[in-house]
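Dear colleague,

I am passing a structure on to you, together with some notes on what turned up in it. Please have a look at the sequence and the model first, and then read on.

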Amino acid sequence: MLDRFNEIKVESPVDKIIHQVRKLITTGELRSGDKLPPERKLSEKFGVGRSVVRDAIRKLEFYGIVKTQPQSGTVIEGMGIVALEGLITDVLNIEETDFNSLVETRILLEIESAGKAAERRSTDDIVMIQSALKAYEDQIAQGGSAVEEDLLFHLKIAEASGNSVLKSLMLIITPDIIKSFTRLNVCKDDRNKFTLAQHREVLEHIVAQNPTAAQEAMRNHLKDILDFSKRK
């Protein structure tokens, strides 16, 4: 009998903002290309601090639902709405224990993304990757898990690759990666500084437009997580 009940989760203000935006997209009231109001006005409307709005936008961006462009504001993309629902779990019926397959798939996508990003990145791409890296650095400085900030950095690299399919595939598998990382306690605090240094190395090669070095740096960065997944 107990198995028929589900755990009740208390929503945070960030989650409530995300649900409002998602609902407006699914009902067609917000469409791809629409621009969100500034953080200050959203903060006043929601009755929350600007930091809460900023965190919500960061999560929406993480899932590809919005895109923040330097000096242009935050624009609805909408393509990530499916990824937010965990599409890959529903469609492919991936078992909870198949963490290794997720990691192997991610690594294939990541290495290719890093190489293409080094070849094709624009100045705006570099700004967005640097911003994601700063968010990761700030989160670990505050003692947080930084799982989402970590993956946002990688998603920005996929975006810089100029290959929309690579980015879409990353968005699709991301929710399941987050679940697995959290469940298996992959991102431990003692590895965060080491990971930060590796992130910086990958970015350095992308900025220098060295595809081979960027791919090798990404491969080395993900080696430990691949080894970890094989032990599970």
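Is Gln209 buried, partly exposed or exposed? With a relative accessible area of 41%, Gln209 counts as partly exposed, where buried means under 20% relative accessible area, exposed over 50% and partly exposed in between, for a 1.4 Å probe and protein chains only. The residue sits in the loop between α10 and α11, and Gln209 has a positive phi of about 55° although it is not a glycine.

Before going further, please keep in mind that this is a predicted model, in which local features need pLDDT of at least 70 and side-chain atom pairs count only at pLDDT 80 or more, while totals for chains, interfaces and linings use all residues. Residues are numbered from 1 along each chain as its sequence is written, and side-chain values use heavy atoms, with hydrogens and water left out.

Overall layout

The protein has 11 helices and 2 strands, which are DSSP runs numbered from the N terminus, helices being H or I with at least four residues and strands being E with at least two. Read from the N terminus on, the order of the elements is α-α-α-β-β-α-α-α-α-α-α-α-α. Of the 232 residues in the protein, 44% are buried. If one takes the contacts (heavy atoms within 4.5 Å) with a separation of 6 or more, 72% of them are between residues 24 or more positions apart. The accessible surface, computed by the Shrake-Rupley method with a 1.4 Å probe, comes to about 12900 Å², and 50% of this surface belongs to carbon and sulfur atoms.

The cores

A nonpolar core is here a set of buried Ala, Val, Leu, Ile, Met, Phe, Trp, Tyr and Cys residues joined through side-chain atoms within 4.5 Å. The largest such core has 40 residues, and those with the most contacts inside it are Ile129, Phe153, Ile157, Val202, Ile206, Met218 and Ile225. Two or more residues of this core come from each of α6 (99-120), α7 (123-141), α8 (147-160), α9 (164-184), α10 (192-207) and α11 (211-230), and the largest share, 9 residues, is that of α6. There is also a second, separate core of 15 residues, which includes Val14, Val21, Leu30 and Val66.

A pocket and a cavity

Both terms rest on a 1 Å grid over the protein atoms alone: a cavity is a set of points where a 1.4 Å probe fits but cannot get out, a pocket is an open set with protein on both sides within 12 Å along at least five of seven lines, and lining residues have an atom within 4 Å of a point. Grid points are joined across faces, edges and corners, and a volume is the space filled by probe spheres set on the points.

The second largest pocket has a volume of about 440 Å³ and is lined by 24 residues, of which Glu39, Ile57, Glu61, Thr68 and Ser131 lie nearest its centre. The elements that give two or more residues to this lining are α2 (39-46), α3 (50-62), β1 (66-69), β2 (73-76), α7 and α8, with the largest share, 6 residues, coming from α7.

By the cavity rule there is 1 cavity of 30 Å³ or more, and the largest cavity holds about 80 Å³ of space. Its lining includes Glu61, Lys67, Glu159 and Lys167, and α3, β1, α8 and α9 each supply at least two of the lining residues, while α8 gives the most, with 4 residues.

Glu159, one of the residues that line the largest cavity, is found in helix α8 and counts as buried at 17% relative accessibility. Leaving aside residues up to four places away in sequence, Glu159 touches Lys67 and Lys167. Glu149 also lies in helix α8 and is buried, with a relative accessible area of 12%; beyond residues up to four places away in sequence, Glu149 touches Arg58, Ala132, Ala135, Tyr136 and Gln139. Asp227, in helix α11, counts as partly exposed at 27% relative accessibility, and Asp227 and Asn100, although 127 residues apart in sequence, are 9.1 Å apart in space, C-alpha to C-alpha.

With best regards
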